[in-house]
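Trainee: I would like to go through this structure contact by contact. Where do we start?

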Amino acid sequence: MFAAENGLKGDPRLLAISEAIRVIPNFPKPGIMFQDITTLLMNHKVFKDTIDIFVDRYRDMDISVVAGIEARGFMFGPPIALAIGAKFVPLRKPRKLPGEVISEAYELEYGTDCLEMHVGAVEPGERAVVIDDLVATGGTLSAAIRLLERMEAEVVECACVIGLPEVKGQHRLNGKPLYVLVEPRQVDHCR
Amino acid sequence: MSACRDDDPRIIGIKSKIRVVPNFPKPGIMFQDITTLLLDPKAFKDTIDLFVERYKGKNISVVAGIEARGFIFGPPIALAIGAKFVPLRKPRKLPGEVISEKYILEYGTDCLEMHVGAVEPGERALVVDDLIATGGTLCAAMNLLERAEAEVVECACVIELPDLKGRDRLKGKPLYVLVESH
């Protein structure tokens with residue numbers, strides 16, 4: 001669900017967040033309008049507001065795990081985890097995590113990729129939130145949910161800054177609630 | 001320099017949470033795994049607090065973090081001290097216009113990139129990563145910032161491997177670390 005439909009309608013922070021995201025046409029390939037969050041990270045107030053919105057939502061939900069998807073999920077997940085007193089669990093591309101891991105394959109447009117999590121990072125029954133900068137098809141988030149559920153954690157919600165049109169109207173991803181702050185813009189503002 | 005107060009109970013706690021994984025990514029390497037630190041909310045918070053205490057109020061407007069583990073420590077520091085966060089990334093990850101800096105690996109070379117326009121001339125910057133080994137990556141990061149005419153105030157890492165003398169490869173810039181591992 002979009003934040004504007006869930007208690008934050010008209011919140012000026014959401015407009016500022018949307019405008020802080022830079023749109024790069026034809027990256028990484030022709031036809032893709034890439035939603036670049038690095039310009040958001042360069043605006044301290046907007047970055048802080050982004051984190052605060054997630055923190056306000058999750059602080060009283062008894063969340064003990066924030067799982068972030070490599071690499072842009074690593075920029076949003078830890079500040080949220082620190083503010084709500086949860087552990088941060090990085091979900092990584094293959095062969096990056098040392099020690100024992102579990103792996104989950106997922107579909108790309110062409111081929112498959114894989115996400116890994118440390119064995120022992122989460123305990124059965126822990127309540128978890130999954131964070132990434134953007135949700136498109138939901139393939140990566142679905143793999144993240146499966147990793148956490150294989151370790152018997154409960155995925156309470158998936159949270160992303162940006163949600164592509166494919167997920168608009170879907171309040172759930174694989175049966176899990178999805179919380180998104182803004183839609184992508186198609187045209188960049190001059191800045 | 002290491003953190004001044006080695007007997008600070010926070011430092012002892014942080015060091016105890018770092019897991020050493022032998023023979024990763026290849027035989028003979030004792031890998032310093034910070035993910036176990038991230039699983040302890042108090043130790044993770046103490047880690048960030050130690051850096052924030054050092055850098056708050058020092059007019060630092062840029063925290064640059066090195067992909068990928070620098071992305072975990074850099075943003076919380078940036079948010080707490082009022083700075084922007086600038087990700088320094090492997091090639092072809094950043095969209096739009098970038099500058100690139102090559103650096104030497106044990107076998108071959110690699111490359112670090114930063115967005116054009118991420119930093120302005122004269123900005124005071126920190127470079128953050130989880131660990132400094134030979135210093136090659138940190139040196140490349142410093143070069144990127146200096147090419148954009150920012151001033152690198154200090155490099156900050158959770159862990160230093162002092163035997164690899166990375167500290168000497170930072171072009172005279174200071175290094176601040178929380179724990180050493182020999």
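Mentor: Start with a definition. Helices are DSSP runs of H or I with at least four residues, numbered from the N terminus. Keep in mind that this is a predicted model.

Trainee: How far apart in helix 3 of chain B are B:Asp49 and B:Lys45?

Mentor: The two side chains form a salt bridge, with the closest N and O atoms 2.8 Å apart. B:Asp49 is partly exposed at 22% relative accessible area. B:Lys45 is partly exposed too, at 43%. Both sit in helix 3 of chain B, where a separation of about one helical turn corresponds to four residues.

Trainee: Is B:Glu67 buried or exposed?

Mentor: Look at its partners first. B:Glu67 meets B:Arg89 in a salt bridge at 2.8 Å, N to O, and B:Lys93 in another at 3.4 Å. Buried means under 20% relative accessible area. B:Glu67 has 11%, so it counts as buried.

Trainee: And B:Arg89, buried or exposed?

Mentor: B:Arg89 lies in the loop between strand 4 and strand 5 of chain B, while B:Glu67 lies in the loop between strand 3 and helix 4, 22 residues away. The relative accessible area of B:Arg89 is 6%. With the limit at under 20%, B:Arg89 is buried.

Trainee: How many residues apart in sequence are B:Glu67 and B:Lys93?

Mentor: B:Lys93 is partly exposed, at 37% relative accessibility. B:Lys93 is in the loop between strand 4 and strand 5 of chain B, and B:Glu67 is in the loop between strand 3 and helix 4. The pair therefore ties together parts of the chain whose separation is 26 residues.

Trainee: Which residues of chain A are linked in a network of salt bridges?

Mentor: Side chains of opposite charge can pair when their charged atoms come close. Over all chains the structure holds 29 salt bridges. The network in chain A links A:Glu70, A:Arg92 and A:Lys96.

Trainee: How many salt bridges are there between chain B and chain A?

Mentor: The contact takes 35 residues from chain B and 35 from chain A. Eight residue pairs are in polar contact across it, both residues at pLDDT 80 or more. For salt bridges between the two chains, the count is zero.

Trainee: Which three residues supply more of the area that chain B buries against chain A than any other three?

Mentor: The two chains bury about 2700 Å² between them, 73% of it on carbon and sulfur atoms. Three residues supply 22% of the area buried by chain B. They are B:Leu39, B:Leu79 and B:Pro95.

Trainee: Which element gives the largest share of the side of chain B that touches chain A?

Mentor: Elements giving two or more residues include strand 1, helix 3 and strand 4 of chain B. The residues on this side divide into 21 nonpolar, five polar and nine charged. The largest share is six residues, and the element is helix 4 of chain B.

Trainee: How many disulfides are there over all chains?

Mentor: A disulfide needs cysteine sulfur atoms within 2.5 Å. A:Cys114 is buried at 19%, and its nearest cysteine sulfur, that of A:Cys158, is 18 Å away. B:Cys111 is buried at 17%, and its sulfur is 14 Å from the closest one, in B:Cys139, so that is too far for a bond. Over all chains, the count of disulfides is zero.

Notes
Residues are numbered from 1 along each chain as its sequence is written. Chains are lettered from A and ligands numbered from 1 in the order in which they are written. This is a predicted model: local features need pLDDT of at least 70, side-chain atom pairs count only at pLDDT 80 or more; totals for chains, interfaces and linings use all residues. Side-chain values use heavy atoms; hydrogens and water are left out. Contact means heavy atoms within 4.5 Å. Buried area is the accessible area (1.4 Å probe) that two parts lose on being put together, summed over both. A salt bridge is a side-chain nitrogen of Lys or Arg within 4 Å of a carboxyl oxygen of Asp or Glu. A polar contact is a pair of N or O atoms within 3.5 Å; within protein, one must be able to donate a hydrogen and the other to accept it, and residues adjacent in sequence count only if both atoms are side-chain atoms. Ala, Val, Leu, Ile, Met, Phe, Trp, Tyr, Cys and Pro count as nonpolar, Asp, Glu, Lys and Arg as charged, and the others, Gly among them, as polar. Buried means under 20% relative accessible area, exposed over 50%, partly exposed in between (1.4 Å probe, protein chains only).
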